[in-house]
Amino acid sequence: MAGTVLVLGSYNQDHAWSADDLPAPGATRLGSYTSGPGGKGFNQAVAAARAGARTGFVTALGEDAAAATARALAAADGIVLHAEVHGSLPSGTAGIFVDAAGRNVIVVAPGANAALTPGFVAALDPAFAGADVFLAQLEVSPEAVHEGLRRARAANALAILNPAPANAFTTEALLRQADVLTPNETEFAALLQRHRGLACDADTLAAQDDAALHALCRELAPWATVVVTLGASGVFVSHPGEALRGDATGAYRLRPEAVHAVDTTGAGDAFSGALAAALAAGADAAFADAVRFANRFAALSTERRGAALAMPRRAEVEERFGPA
Ligand SMILES: Nc1ncnc2c1ncn2[C@@H]1O[C@H](COP(=O)(O)OP(=O)(O)OP(=O)(O)O)[C@@H](O)[C@H]1O
């Protein structure tokens, strides 16, 4: 049964130039160019939609070619767009330069994303009322994310926060609005450092056993289920005292699915979007089943290049790995 997911976040138009090597300051290279959709919010909305959820997407856009592309691409995936329009700002953009070895330098101009207002979010009551699951990240204004999480809880939707990117601004009050957090190891380390004063990094976390990771999750967010994505090492799940949705144990790890990964860009977005869709499918959808589906969905997304447009569809995931 399809549930409803409301995603709040960024849309960026990615502009990518490839050359044999990256030019030094003042130098010029000839190369090739592609442009496509990006932004964690949009990537996750496409993932949720392709994973089978009725999906709404709350974002902010300019009045430019990128905004027109965002509208067309959202419509193509059946996503209902709730866009705050800022005519005096450009839509979000990312300039990406890649060399033949795959190294890149990136400049992101958040543009309209940074101007998403809590007032616009607050006026979307009907969208919140119809949502089973709400999902946000940290590439739009923190006030808008906070308002979204608050509205979601008031509307009895499950509130998921993907605390990405790692250097984004967070407050304790913002984190406390989340029922579920989905950091990767770098983001988890950054949150532990900023909010609990624990000095650690992604490598230290990767070396921890399950009991130690569970303890760190409980220390960071005693109120929330924490799902740490571990890249090619799979996923770790840690519940608070009351395990969520039928999970018998407080903490467990899922191995990665065997795939031929060619590009892991957006794998975290695939995971969070698919998890939201699976949890929206019914209040009795078991948490472990939803995590298993998201682990499969994200794994399959790594077999294609790109982010939003590389998201697989539910049918492809089931064909490859069996029924969810
Ligand atoms: N090589 C891989 N093989 C199988 N599954 C993978 C692989 N890489 C990623 N995944 C799946 O994708 C999930 C998310 O990956 P990861 O933790 O790298 O996210 P991320 O760092 O947020 O990614 P990104 O920032 O590129 O979007 C993993 O938990 C796993 O389910």
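In strand E6, Thr 93 is the residue that Gln 13 stands opposite. The model is a predicted one, in which local features need pLDDT of at least 70, side-chain atom pairs count only at pLDDT 80 or more, and totals for chains, interfaces and linings use all residues. Residue numbers start from 1 along each chain as its sequence is written.

Strand E2 (residues 12-18) pairs with strand E6 (residues 92-98) in the parallel sense over seven bridges; two strands pair if DSSP finds at least two bridges between them. Strands (E, at least two residues) and helices (H or I, at least four) are DSSP runs, numbered from the N terminus.

Turning to the annotated positions, UniProt (unreviewed entry) places the feature "binding site" at Asp 263, Thr 265, Ser 301, Arg 304 and Gly 306. These residues span 44 residues in sequence, yet no two of their C-alpha atoms are more than 9.5 Å apart, so they gather at one spot. UniProt positions use the numbering given here, feature names are shortened, and annotations may be inferred rather than shown by experiment.

Asp 263 is located in the loop between strand E13 (251-254) and helix H10 (267-280), and Thr 265 also lies in the loop between E13 and H10. Asp 263 is partly exposed, with 15 other C-beta atoms within 10 Å, and Thr 265 is partly exposed with 16. A residue is buried if 20 or more other C-beta atoms, placed from the backbone, lie within 10 Å of its own, exposed if 12 or fewer, and partly exposed in between.
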